[in-house]
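Me: I would like to learn how to read a protein model step by step. Could you take me through some features, giving the general idea and then the case at hand?

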Amino acid sequence: MALRELSSLEKYLELKKPNKYSTQGDKKVPVLQNNNGAPLVGLVTIARHLVKEAKRTELLGDSAESRAVVHQWLEYRVTRLNGCTKDDIKTILKELNLYLQDKSYLAENQLTLADILMYYGIQPLIVDLAVQEKEQYVNVTRWFDHMQHYPGVRRHLPPVVVLRNRIYTGRHH
Amino acid sequence: MKLFVSEGNPHCLKVLAALEVTGAPCDVQYVNHDETVVPFLSRPTLPALLLPSGLHLFSPNAICQYLFEVKGQESSDLCSQWLEWEATDLQPALLQALHMAVLQGKASNLPKFLQGPLNYLDQGLSKRDTTYLTGEAVSLADVVLWAALYPVLSEPSLALGKQTTPHVSKVQFPSHDIKQMLPFRVMCSECVLAVCYMNVVAFRSPQILFLGLIEIHLCVCSLSLPQEGKRNILLTSALPYVNNVPHLGNIIGCVLSADVFSRYGRLRGWNLLFVCGTDEYGTATENKAREEGLTPQQICDKYHAVHACIYEWFQIDFDFFGRTTTEKQTEIAQNIFWRLHKHGFLVEDTVEQLRCESCQRFLADRFVEGTCPHCSYPEARGDQCDKCGRLINAVELREPQCKVCRQTPVVRSSKHLFLDLPKLEPQLEQWLDRSTSTGDWTANAKQITRSWLRDGLKPRCITRDLKWGTPVPHPDFKEKVFYVWFDAPIGYLSITANYTDQWEKWWKNPSQVELYNFMAKDNVPFHSVVFPCSLLGAQDNYTLVSHLVATEYLNYEDTKFSKSRGVGVFGDMAKDTGIPSDVWRFYLLYVRPEGQDSAFSWADMATKNNSELLNNLGNFINRAGMFVTKFFEGCVPPMELQQEDKKLLALVSWELQQYIQLMDKVKIRDALKHILNISRHGNQYIQVNEPWKKIKGGDAERQRAGTVTGVSVNIACLLSGMLLPYMPTVSQTIRDQLNAPQSCHNAMFEGTGTFVCTLRAGHRIGTVSPLFQKLEVDQIEALKKRFGGQQVFDVYDVAMVNAVDPEKAKQLTQAVTEQGEKVRALKAQKAEKAVVTAEVAKLLDLKKQLAAAEGKNTEPAPQKNKKK
């Protein structure tokens, strides 16, 4: 799973030669064999490294402040979203929904790595939502739809229809 | 920029440390730990940093990263990797470890959860060979990891291996002053753990939050040592022998009974320490090791884990479950030995001993069999005859045989040390008079002890010619080890010593500490005579047993559980039945052999589950809760007590007082009946008052329905407390369903017991659902078939039983027929019950011998089949 995310990210970053990954432990934590140094372990660590390699550091945030915010949501992604239970899902969606109320992106006013990895991680949750639930978490849904239509981001994931077709709403013919 | 932190929160330690190290300019504000600072998070989360832009950071690691970056230190890939590992691997492990330490009081189990992450960290440090995690200077990663580990590494009693993780323990504190500014400087280290745990879980499960700080402080800190002015109880359960898988009889006989009493004692507010462990030295282990091609230590490790696992499933809540093969054991046993030696209570003698020339070794008592010199029972063991119960000296056996190779052993002599029991007898008797008259000794314990004294004490050998044991420190006996009966009870002391360095406050403190020993009756003499003699002779102010609680035997269906013969249902199979641990506990305690032998029966277990748990107890509690939910929108209605209600409350109070009186005297089975009486009264009360009809009536009737419902649901709350020692999970479930506060029982179990209203009018209860499930006849029949009715033999005995003896079988068949006719005749004549019972017992015994002679019952032991 994490490996597909990394390969999608590589494509988004337009990295020329794809890296070789392996995994370690029960939780299949991704490992990147690094030519010049020790291997890198962990989804966030490797993703940050790829962004730097592609010289797209604006994806990690433009200022100290936004770098910290990006870090925070990346951590949220791997600690809260990975292996979450049913009850956790509700909490997560509620929190994100509230947070995204007045925002288009997780950090700053532009796309960051936090948005990309959060999108990859939350996609399986959104797929399972009923129409009513998607409406309940309308800010998450809006952000999610934005992400999947953002040029070059979606990659390995199938598109999810997130908004109800409005043609027939409210009227019974 | 403003940093919000709360007292005693270890995540706040991280950010405060980062602030100290970086010197970043920032206001710090202390707020309550349940204050909401970050608006979009569902739960109060601290620390939190309000950024100049108005955004909040709520991740401690992100805050630390920000503080470092403000001061111009950007984080490297390696640093980011440590931070990610800390968040995804270390924190969950800490959470689990702290859960054990705080909620279950098992600080000693911390290493189990933390060893993995600590090793990983240690490897990381050793690979790079730098002073700090990412180089020669303190980095973000050092601060974060140090602060995360501080609560556990700063706790000396946890002994989180300085030896095993040398590099971790060398990591320096970011600042030596930091301890001074720690937010939890006012609390003891256990409380740091508790608070730490609370904050970690607060993020995930808010219900933990209501465990107030003070409550945790009191309950965690009162665990470990005796306290002035409190009732201090040291509780031991007989140490199970390591290489047997314990069967239901063992479980009810010691660990389960002791667990019920321990939970009850805590409910009563006593200061209590409950220790147990596996008894690991001796020939049986050596032999098992030889069989399985392992070292004795490996055998012990393997089976110790099996034991621990079984007791965990049965929810046996030891403060510490240790083992006898430790350095402390050697130290304490040798100290007691030298003191006995110094005071002249050891005598030397040459012993005639059986040696098997074909096996090339001296035979331990249990590896010799022969004919009993007292009653001529042909299968007497070398130490004791199963038939007449007398102790035997192995060389006295007639026609002895080596149990392993069936050769006849020869008699050899060897020099040994003896504990001079006759010399200690006057002291012993004086102490026994006092202890048995003031303490709660069970009748069988007193009687067995008396009969031992009446028969006269003889010197007892304390050394053996073995290797797997505690070495005898005396130079003249250096090839020998202590005999297990001398060594094993010292395990109680050494296990406590492994739990706390201040073990002597428990074990050398007879004026403040009351010692309870739980065991089955076969263990009584060692605890009432032999071990007290060792301790009295050592003259070191040891705490001797005040209350000796011995059960009789639990039989299995119509036959016998036996440790050495391996007959019965074993602990590890219980969980494969799909019957919940609480129901097993309930039934075993319901038939606890208290005062007389009793029997486990599958059919009876199903009956008791269906009639008592399901129809009586569960039904009452469920109805009480359902009425509140259905008729009063989940809120306890106001109550106006009438004569009838007061009568019920009086009845319930009386049952509660009986329960407390009996439990104080460790009458565990009898006390259980009073719980069931209360729910019976409750069911009747509901049945007579019919709140489901009254709720549809006029105002007065509706009011009446409210009172009945309110009273019932309060009784249900009381029941959850009374059930706690017996069925801890069910008790917790009831409290959850009623949304009753954790401390709701405290007042009710003080003194002689008072039933008070804890769920007042307006209290909102939780979601009510059924507590028990019916055990169906076919399900129970299938279990009965699967597990027995037939006997189960362990590996040792299969060889022995396989020795089919057709000649003997023929004689026995004849004997069984004759005995059967005799019984039928007696019954027909309506003879005295005692006479009939005696003859039936003979008949059963004969049938058993016949089965053995025919080589029946040699099906593979079910513990091997369980994975089918």
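Me: How many cavities of 30 Å³ or more does the count come to?

Reply: Rolling a probe the size of a water molecule over the atoms shows where empty space is left. A cavity is a set of points, on a 1 Å grid over the protein atoms alone, where a 1.4 Å probe fits but cannot get out, and lining residues have an atom within 4 Å of a point; grid points are joined across faces, edges and corners, and a volume is the space filled by probe spheres set on the points. By this rule there are six cavities of 30 Å³ or more. Before we go on, note that this is a predicted model, in which local features need pLDDT of at least 70 and side-chain atom pairs count only at pLDDT 80 or more, while totals for chains, interfaces and linings use all residues. Residues are numbered from 1 along each chain as its sequence is written, chains are lettered from A and ligands numbered from 1 in the order in which they are written, and side-chain values use heavy atoms, with hydrogens and water left out.

Me: Which residues line the second largest cavity?

Reply: This cavity, with a volume of about 70 Å³, is lined by residues of chains A and B, among them A:His71, A:Glu75, B:Ser80 and B:Glu84. The elements giving two or more residues to its lining are α2 (43-53) and α3 (64-81) of chain A, together with α3 (77-103) of chain B; such helices (H or I, at least four residues) and strands (E, at least two) are DSSP runs, numbered from the N terminus.

Me: Is strand β17 of chain B mostly covered or uncovered?

Reply: A residue is called buried under 20% relative accessible area, exposed over 50%, and partly exposed in between, using a 1.4 Å probe and protein chains only. In β17(B), residues 513-520, seven of the eight residues are buried, and the strand is mostly covered.

Me: Which strands are joined to β17(B) by bridges?

Reply: Two strands pair if DSSP finds at least two bridges between them. Six bridges join β17(B) to β5(B), residues 232-237, in parallel, and six bridges join β17(B) to β18(B), residues 545-551, which also run parallel. B:Phe518 is the bridge partner of B:Ser237, whereas B:Tyr516 stands opposite B:His547. From β17(B) the chain crosses through helix α18(B), residues 524-538, to β18(B), and this β-α-β crossover is right-handed, a word used if, with the strands pointing away from the viewer, the path from the first strand over the helix to the second runs clockwise. In the loop between α18 and β18 of chain B lies B:Asn541, whose phi is near 55 degrees, a positive value in a residue other than glycine.

Me: Why does B:His307 count as buried?

Reply: B:His307, which sits in helix α11(B), residues 296-313, counts as buried because its relative accessibility is 1%. With contact meaning heavy atoms within 4.5 Å, B:His307 touches residues including B:Pro240, B:Thr278 and B:Phe321. A polar atom of the B:His307 side chain lies 3.4 Å from the backbone oxygen of B:Tyr241.

Me: Where is B:Pro47 found?

Reply: B:Pro47 is in the loop between β2 (27-30) and β3 (48-50) of chain B, and a cis peptide bond, with omega about 0 degrees, joins B:Leu46 to B:Pro47.

Notes:
A polar contact is a pair of N or O atoms within 3.5 Å; within protein, one must be able to donate a hydrogen and the other to accept it, and residues adjacent in sequence count only if both atoms are side-chain atoms. On a 1 Å grid over the protein atoms alone, a cavity is a set of points where a 1.4 Å probe fits but cannot get out, and a pocket is an open set with protein on both sides within 12 Å along at least five of seven lines; lining residues have an atom within 4 Å of a point. Lists of a residue's contacts leave out its neighbours within four places in sequence.
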